[in-house]
Amino acid sequence: MVDSNDPRVKRTRQNLKKSLVVLMKHYKVENISVQKITQEANVTRGTFYLHYHDKQDFINRAMDEILDDFFDYIMIMSKQSPDKAYVYSKPVEVCCLNRVFNYLQDESMMFGVLLNSQEDVAFSDKVYDRLVIYLNNFREQLAGDFEVSKIPNELQVSYVASAHLGFIKRWLRDDMIYTPHYVAKVLKEITGVDTSNGVNLTNFFVENDG
């Protein structure tokens, strides 16, 4: 049994994930074999199969781990709306845009490939689905604080998640010509909404973690 908390195990899995992304930059997933992955990572096939059942198991778990690491870093707790005009009835998890863009800049090769070059693993859909979960949780936790709207919640969530994800993908595709701090500020200005009548879904995104 492999101990997932063992530092050596973590290093091996991280090495395999990075090797997968390097290969995905040049090949479709269907053309990437376990042998190619292990050669790129400089590990044996035996070591690979100690950690994963097969290639698909590895890809699924690798994508989930990449997503988990990303969202663990960008999510923070907040007690008030981004403009500080509205104090929430309870602390809630929100998404810090400065953290988002700094993380993506540090991992630009990985996310550039996964979000803009590889439809095979549907990574963009996975990010979208995770955003939808967090947005719905945000609304449910602050249901009593939300402004009244005639627009169905699922349409609002779909728009907000798609708009932010599309902005992120475009920034990566354009080689991040604007700094993380600047795009975080601009995105918040574009999507900022007055909270005088209550909370709305765009309040889920904050510019800074301060």
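**Partly exposed, as used in these legends.** A residue is called partly exposed if its relative accessible area falls between the buried range, under 20%, and the exposed range, over 50%. The structure shown is a predicted model.

**View 1. Y88 meets F138 edge-to-face.** This is one of 18 aromatic pairs counted here. The two ring centres sit 6.0 Å apart with the planes at 80°, so Y88 and F138 go down as edge-to-face. Y88 comes from strand β2 (residues 87-96) and F138 from helix α7 (residues 123-141), which puts the partners 50 residues apart and makes this a link between distant parts of the chain. Y88 is buried at 6% relative accessibility, and F138 is buried too, at 1%.

**View 2. F101 and F167 bring two helices together.** Here the centres are 6.2 Å apart and the planes stand at 75°, so this pair is edge-to-face as well. F101 belongs to helix α5 (residues 97-106) and F167 to helix α8 (residues 153-173), so the contact ties together parts 66 residues apart in sequence. F101 has a relative accessible area of 0% and is buried. F167, at 23% relative accessibility, counts as partly exposed.

View 3. F70, F71, Y73, Y103, F111, F123 and Y134 make up one aromatic cluster. Look at Y73 in particular: the charged end of R99 sits over its ring, 5.1 Å from the centre.

Note on methods:
Residues are numbered from 1 along each chain as its sequence is written. This is a predicted model: local features need pLDDT of at least 70, side-chain atom pairs count only at pLDDT 80 or more; totals for chains, interfaces and linings use all residues. Side-chain values use heavy atoms; hydrogens and water are left out. Rings of Phe, Tyr and Trp (its six-membered ring) pair if their centres lie within 6.5 Å; planes under 30 degrees apart count as stacked, over 60 as edge-to-face and the rest as tilted. Helices (H or I, at least four residues) and strands (E, at least two) are DSSP runs, numbered from the N terminus. Buried means under 20% relative accessible area, exposed over 50%, partly exposed in between (1.4 Å probe, protein chains only). A charge sits over a ring if NZ of Lys or CZ of Arg is within 6 Å of the ring centre and within 35 degrees of the ring normal.
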